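Trainee: I am new to this structure and would like to learn how to read it. Could you walk me through it, one feature at a time?

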Amino acid sequence: MTQHFPSPLLRFYMTADAPCPYLPDQLERKIFASLPISSGADVNDALSHLGFRRSQNIAYRPACQSCQACISVRIPVAEFTFSRSQRRILSRNRDLTRKLVEAEATVEQFELLQRYLSARHPEGGMAGMSQADYVCMVEDTAVRTHLIEYRLPGAGGKPGALVGVCLTDLLSDGLSMVYSFFDPDFERRSLGQFAILDHLRQSAQVGLPYLYLGFWVQGSPKMDYKARYRPMEALSGNGWHRLPTD
């Protein structure tokens, strides 16, 4: 006798208004849903194509009443050409090793995250993260995800110092950069930009058409860096469309 089990219903919820972390004098509101354990990867995939982002087992997107500045963006990998300045960033970091590791949090990663947050986002919402919070951020999920570690050259067969980490989801049509952090003492290396450029190389190597960068907020200094990557596609009510090149 065949048994039929009900598919889990995806229930969406709305947060209360809160101060926007990107634009002054604005309030933010988000719609979110819990990703089901049994089909979390497929649901995350579908919601990512609709402009949602993932945080642990939650998928969310902005649903602000008076502002639509947050735009989901992705880069069409095959059409992207590295600029001269971007090639210099890649060259500057050619000595780094890249290693894909399981989504398992380590003390070394957490210590790097603390230094990054203290230097770059001391007043941000993640500044008070505990090690347990970091473990949940990395490991509490049922989607296809992994960590990319970037290290300096080692010596004597030992791995070099960890200088960058990126939590990355694998979608059906691309990579989605969930969160990245890096050593603030190596500002000249432009490690944040390097992580994006290297993910473009990774996507191209395995034939994935898109690199998902999350939300771009035009006019926000925290998000202006995403405008440097063109061509870029943005999500609107009519689907994904190409942004102007200028």
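Mentor: Gladly! Let us begin with pairing: two strands pair if DSSP finds at least two bridges between them. Helices (H or I, at least four residues) and strands (E, at least two) are DSSP runs, numbered from the N terminus. This is a predicted model, where local features need pLDDT of at least 70, side-chain atom pairs count only at pLDDT 80 or more, and totals for chains, interfaces and linings use all residues. Residues are numbered from 1 along each chain as its sequence is written, and side-chain values use heavy atoms, with hydrogens and water left out.

Trainee: In what order do the strands of the open sheet of 8 strands come?

Mentor: In general, strands of a sheet pair through backbone hydrogen bonds, either parallel or antiparallel. Here the order is S8-S9-S10-S11-S12-S7-S13-S14, and the pairing is mixed. Strand S8 (97-101) and strand S14 (239-242) are at the edges with a single partner strand each, so one side of each has no neighbour in the sheet. From one strand to the next, the twist averages 35°; such angles run from 0 to 180 degrees between N-to-C directions, with axes as lines fitted to C-alpha atoms, for helices over the stretch in contact.

Trainee: How many bridges join S7 to S12?

Mentor: There are 7, and the two strands run antiparallel. Cys-70, for instance, stands opposite Val-217 in S12. Strand S7 (residues 70-76) is also antiparallel to strand S13 (residues 233-236), through 2 bridges. In S13, Arg-74 has Glu-233 as its bridge partner, and Val-73 has Ala-234.

Trainee: Is S7 enclosed or open, and why?

Mentor: Here we need burial: buried means under 20% relative accessible area, exposed over 50%, and partly exposed in between (1.4 Å probe, protein chains only). In S7, 5 of the 7 residues are buried, so the strand is largely enclosed by the rest of the structure.

Trainee: Which residues touch the most other members of the largest nonpolar core?

Mentor: The general idea is that in soluble globular proteins, nonpolar side chains tend to be buried together. A nonpolar core is a set of buried Ala, Val, Leu, Ile, Met, Phe, Trp, Tyr and Cys residues joined through side-chain atoms within 4.5 Å. In the largest one, of 53 residues, they are Ile-75, Leu-113, Tyr-134, Phe-181, Leu-211 and Leu-213. Another core, of 6 residues, lies apart from it and includes Val-43 and Leu-47.

Trainee: Which strands does helix H1 lie across?

Mentor: For this, contact means heavy atoms within 4.5 Å. Helix H1 (residues 40-49) lies across strand S10 (162-171), strand S12 (210-217), S13 and S14, at about 95° to S10. Ser-48 is found in this helix and is buried, with a relative accessible area of 8%. Leaving aside neighbours within four places in sequence, Ser-48 is in contact with Leu-171, Tyr-212 and Trp-240.

Trainee: At what angle do the axes of H2 and H5 cross?

Mentor: Helix H2 (residues 84-92) and helix H5 (residues 191-206) have axes that come within 10 Å and cross at roughly 95°. Angles under 35 degrees count as roughly parallel, over 145 as roughly antiparallel, 65 to 115 as roughly perpendicular and the rest as oblique. H2 and H5 are therefore roughly perpendicular to each other. Gln-86, Ile-89 and Leu-90 in H2 meet Gln-193, Phe-194, Leu-197 and Arg-201 in H5.
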